[in-house]
Amino acid sequence: MPNPSRRYAQVDVFSAVPLLGNPLAVVVDAEGLDDATMQAFARWTQLSETTFLLPPTDPAADYRVRIFTPGRELPFAGHPTLGSCQVWLDHGGRPQHDGEVVQQCGVGLVRIRRQVREDGHARLAFAAPPLRRSGPVDAGLHAQVLAALQLPAEAVRAVHWVDNGPPWIAALLHDAAAVNALRPDPAFMRGLELGVVGAYPQGSDLDFEVRAFVPELGVPEDPVTGSLNAGIAQWLIGAGLAPRRYVAGQGRALGRDGRIHVEAEAGADGDTVWIGGDVCGLIAGSVRLS
């Protein structure tokens, strides 16, 4: 009979210090698991996301990942991309091309590269997938966002779609202090996957603070969110509202200290926005799911 144990890991993403980022559960040997079992395990872990590594079906990819929240499967998510890639590498994964890993997921192929940090260690970064929907939201959604955030119209500079698989909407506030002070009303969050961003004063160790609210997926507030930061970066950099290289913080309202390293790289076909973060390994072992 086949061995029911599967290799398993939990990592902390977007932090070089354990317990300050966003945890991710990764089932390394996910072949043979059905959708219901994957969803049940993600509901059981109660983490923002749980991922399952599989052989790729696209010959250009190095591995395939399926990403589940406690509520449903996602076509793409940022911290699961970085965390899954690190676990794949830690368990012997070897990319087809030096210096770059290609992940297959619901939105297609996502490029991931290693960046050398200031201390000489490597940091992973993914190329932000193109926005599926962008631009200002309609008046009805704008009003719902204001109600959800419990803010008057003058407190919000803009509300835009930054949909890159998850249907994110992002609200730009006047500063990071306003972001950190938010006390959203969940009664108005129905149907929303809502991010909020505001700038820190010049000279701060961070450039922006970000928060993410996704109660519809069973995650009232996500500690650190790569997909949202990718969409926000594409919006703000494209609109000239952010520098081409910056560091965003996320998670302070939850006692975390996530750091998201953003860089726009010019190319022949336009900018590629890279979203980087550190990954700490915390738990390694096996799990029985069948």
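This is a predicted model: local features need pLDDT of at least 70, side-chain atom pairs count only at pLDDT 80 or more; totals for chains, interfaces and linings use all residues.
Reader: Why is the pair formed by the rings of Phe41 and Phe52 called edge-to-face?

Author: The centres of these two rings lie 6.4 Å apart and their planes stand at 65 degrees. Rings pair if their centres lie within 6.5 Å, and planes over 60 degrees apart count as edge-to-face. The pair of Phe41 and Phe52 is therefore edge-to-face.

Reader: What makes this a link between distant parts of the chain?

Author: Phe41 belongs to helix 1 (residues 35-45) and Phe52 to strand 3, and the two are 11 residues apart. Ring pairs also join Phe41 and Phe52 with Tyr8, Trp44 and Phe68 in a cluster.

Reader: How do you know whether Phe41 and Phe52 are buried or exposed?

Author: A residue counts as buried under 20% relative accessible area. Phe41 has 5%, so Phe41 is buried. Phe52 has 0% and therefore counts as buried.

Reader: Why is the pair of Phe76 and Phe126 called edge-to-face?

Author: Here the ring centres are 5.5 Å apart and the planes meet at 75 degrees. The limits are a distance within 6.5 Å and an angle over 60 degrees, so the pair of Phe76 and Phe126 is edge-to-face. Phe76 lies in the loop between strand 5 (73-74) and helix 2, whereas Phe126 lies in strand 8 (residues 122-127), so the pair ties together parts that are 50 residues apart in sequence. Both Phe76 and Phe126 are buried. The count for the model comes to 7 aromatic pairs.

Reader: What makes helix 5 largely enclosed by the rest of the structure?

Author: Of its 13 residues, 12 are buried, so helix 5 is largely enclosed. Among them are Leu228, Ile232, Trp235 and Leu236, together with Asn229 and Gln234.

Reader: How do you know that the span of helix 5 agrees with its number of residues?

Author: The expected span is 1.5 Å times one less than the number of residues. For the 13 residues of helix 5 this should give 18 Å, and the end C-alpha atoms are 18 Å apart, so the two agree. Just after helix 5, Gly240 takes a positive phi of about 75 degrees.

Reader: How many cavities of 30 Å³ or more does the structure hold, and which residues lie closest to the centre of the largest cavity?

Author: A search of the whole structure finds 1 cavity of that kind, with a volume of about 110 Å³. Its lining has 20 residues, of which Glu49, Leu74, Trp168, Asp222 and Thr225 are the closest to the centre. Helix 2 (78-90), strand 14 (219-222) and helix 5 (226-238) each give two or more residues to this lining. Helix 2 gives the most, with 3 residues.

Reader: What makes strand 15 and strand 16 a pair?

Author: Two strands pair if at least two bridges are found between them. Strand 15 (residues 245-250) and strand 16 (residues 258-265) have 6 bridges, in the antiparallel sense, and Gly249 has Arg259 as a bridge partner. Strand 16 is also joined to strand 17 (residues 272-277) by 5 bridges, again antiparallel. Strand 16 and strand 17 form a hairpin with 6 residues between them, and Gly270 in the turn has a positive phi of about 105 degrees.

Reader: Which strands each supply at least two residues of the lining of the largest pocket?

Author: They are strand 7 (108-116), strand 15 and strand 16. The largest pocket holds about 200 Å³ of space, and its lining includes Arg117, Tyr246, His261 and Trp274.

Methods. Residues are numbered from 1 along each chain as its sequence is written. Side-chain values use heavy atoms; hydrogens and water are left out. Helices (H or I, at least four residues) and strands (E, at least two) are DSSP runs, numbered from the N terminus. On a 1 Å grid over the protein atoms alone, a cavity is a set of points where a 1.4 Å probe fits but cannot get out, and a pocket is an open set with protein on both sides within 12 Å along at least five of seven lines; lining residues have an atom within 4 Å of a point. Grid points are joined across faces, edges and corners, and a volume is the space filled by probe spheres set on the points. Buried means under 20% relative accessible area, exposed over 50%, partly exposed in between (1.4 Å probe, protein chains only). Rings of Phe, Tyr and Trp (its six-membered ring) pair if their centres lie within 6.5 Å; planes under 30 degrees apart count as stacked, over 60 as edge-to-face and the rest as tilted.
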